[in-house]
Amino acid sequence: MKPYTKLSNHINYTSLIREIVSKRASAVFLNEGGRLGVKSDKEIDHPYANGNPSLGNFDIYTVDLDDTLFYNEYAMEVFPDYIIDICNFTGLHPAQVKNLIYSEHYRRLSLGIYTAFDWEDIIYSVAKRLNVEKSWNLEELQEKYYTPGNIFLLNGAIEFLKAIDGKAIAATNGFSKYQLKILTKLNVKQYFKRVLSPDITHYTKGNIKFYSDYADLNRIHVGDDYFFDVEIPLQSGSSTLWVYGSGKFPLGGFEILPSAMAPDINSAIRLLGNH
């Protein structure tokens, strides 16, 4: 094993990571001289949530997964084994290792690199920089951590998927190697025509090109993150149904409003209209 080498060129994103994660909020990632720019965190004015009309019918429903249809304890895909093993090799504190991992994630996001959500690649990148020679078996880790206590469908998810059966497309920032495994374990993969993910589109959900294959269709996007699931889909020409109960509000207030909104996927069912 090579000795641990201090990373003198490492950019510390600790304060930004803490702000985003603690608020469970969206951020606008900008490349400004190698730094991340976020909206100001002024008081949020919640839009009026009553009186949503029935949304009617759409040809395509692009649907977010994490915190919209199911709960995933490891949505960021940093399985404990990664942290433990790197700590054992380097002597670093777990918080230091996590900071390196999330810093690399946000660095890639700030540059618009779709591999910002390839957690396996990020782990190996950080390990290599730390001179850690270790390999992990992703399938074994998924079997270990994708258990009923860690991943489960949210109330109303099955009913929602049945209501739009044949029209649902999973639209997620999670790489397909993670999300397909979860959809299979939760026995809902059959409800989706296709999975859109960064490894397939080569864009994150922060880029309107993520939806290029469906640009000219009558469609609606359903999801919980204001930036990824409201702002960007609207810019791509889609209607939006914001499931806001997970608390992923914008930093800095609402600049544009969703077509409709509901606190959870179960409440969203009544807005679907006839199918």
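Two strands pair if DSSP finds at least two bridges between them, and strands here are DSSP runs of E with at least two residues, numbered from the N terminus, while helices are runs of H or I with at least four. Welcome to a predicted model, in which local features need pLDDT of at least 70, side-chain atom pairs count only at pLDDT 80 or more, and totals for chains, interfaces and linings use all residues. Residues are numbered from 1 along each chain as its sequence is written, and side-chain values use heavy atoms, leaving out hydrogens and water.

**The sheet**
- Strand E9 (residues 239–243) pairs with E10 over 3 bridges, and Leu241 has Ala260 in E10 as its bridge partner.

**Strand E3**
- E3 (residues 60–63) is joined to E8 by 4 bridges and to E6 (residues 168–171) by 3.
- Ile60 has Arg219 in E8 as its bridge partner, whereas Thr62 has Ile169 in E6.
- Ile60 and Thr62 point one way and Tyr61 and Val63 the other, and all are buried (under 20% relative accessible area with a 1.4 Å probe, protein chains only).

**The cores**
- A nonpolar core is a set of buried Ala, Val, Leu, Ile, Met, Phe, Trp, Tyr and Cys residues joined through side-chain atoms within 4.5 Å.
- The largest has 69 residues, and Phe160 and Ile265 are among those with the most contacts inside it.
- A second, separate core of 5 residues includes Tyr226, Val230, Phe249 and Met261.

Conventions
Buried < 20%, exposed > 50% of the residue type's maximum accessible area, 1.4 Å probe, protein only.
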